[in-house]
Amino acid sequence: MKKLVTGILSLAVVAGLGLGAALAQGEEAGGEEHAAGATPHYPLHKPEQQDWTFAGLFGHYDKGQLQRGLKVYTEVCSACHSMDLVAFRTLEHGLGYSDAQVKAFAANYEVQDGPNGDGEMFARKAVPSDHFPSPFPNKEAAAAANNGAAPPDFSLIAKARGIERGFPQFVLDIFWPYQEGGPDYIHALLTGYQDPPEGVQVAEGTHYNPYFVSASALAMAKPLSDDQVTYDDGAPQTVDQYARDVSAFLMWAAEPHLEDRKRTGFMVMVFLLILTGLVYLTKKSVYANKEH
């Protein structure tokens, strides 16, 4: 039986290694196939795994980074992308702002409310209980202003996007969960704009990006440039830093209770380990007096 199990495991490892090599070879050949006119597999380039403070079992959000990411979102991304599911009041606990700061921040936005006593809708300044408003009145208007493609909502984008991980990473993920695929993808996309390779043509009004998950080019032009957003804490004002900060912020927007979840999960695991030990000692004590 032991030899049989060992043989099965060996075959699984060999098969996994072969599959991983085939996938890697396919990724390397993706650009050549694309240039030759064959149908490629998207994204053409796999996003690199980044180092995030919220990764791992004891990961946590860097509030300074989240505040910078919010600044990038409000000054750049919010012109096209909404965050309909995120309320202003969550900024107080999640990003470390005071109640007065949240009220002042919310007051920078206008939201539609009503109807009033005359049955009409009206605009008013936002309050902390309101959600981030959309820059467009509806999806049709959003699509009309963006070459026919409505920009996606950013509330859950960090969980909705991700990268495929081959062997042996997906096996390791069973024991050490990998949930940073969304931020990795967003960072790669924002920093991956480049000129198309020789022989590759993109449609008019689109921009080449080998990290885009649906095609080799997308309608959104490169949104970030160096020194575009002014930071108050001395952090580098580069495209790479902007992309990291806004990716972390969008991860928080998608999972604001990540720290609490990990803390609770750790306590549950400790409890289960203690319970297992107590059950074992109880079993040993009960059967110690049995006659054999």
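In this predicted model, the axes of helix 2 (residues 63–75) and helix 9 (residues 239–254) come within 7 Å and cross at roughly 100 degrees, the axes being lines fitted to C-alpha atoms over the stretch in contact, with angles running from 0 to 180 degrees between N-to-C directions. Helix 2 is therefore roughly perpendicular to helix 9, a term that covers angles of 65 to 115 degrees. Helices here are DSSP runs of H or I with at least four residues, numbered from the N terminus.

Where the two helices meet, helix 2 contributes residues including Leu66, Leu70 and Tyr73, and helix 9 contributes residues including Tyr242, Phe249 and Trp252, contact meaning heavy atoms within 4.5 Å. The residues of this contact divide into nine nonpolar, three polar and three charged.

In helix 4 (residues 99–106), the buried residues are Val102, Phe105 and Ala106, where buried means under 20% relative accessible area and exposed over 50%, with a 1.4 Å probe and protein chains only. Because these residues cover an arc of only 95 degrees around the axis, they lie on the same side of helix 4, the arc being that of the directions from the helix axis to the C-beta atoms. Their cover includes helix 2 and helix 3 (90–95).

Lys139 has its place in helix 5 (residues 139–144), and it counts as exposed because its relative accessibility is 67%.

Residues are numbered from 1 along each chain as its sequence is written. Local features need pLDDT of at least 70, side-chain atom pairs count only at pLDDT 80 or more, totals for chains, interfaces and linings use all residues, and side-chain values use heavy atoms, with hydrogens and water left out.

Note on methods: Parallel < 35°, antiparallel > 145°, perpendicular 65-115°, else oblique. Nonpolar A, V, L, I, M, F, W, Y, C, P; charged D, E, K, R; others polar.
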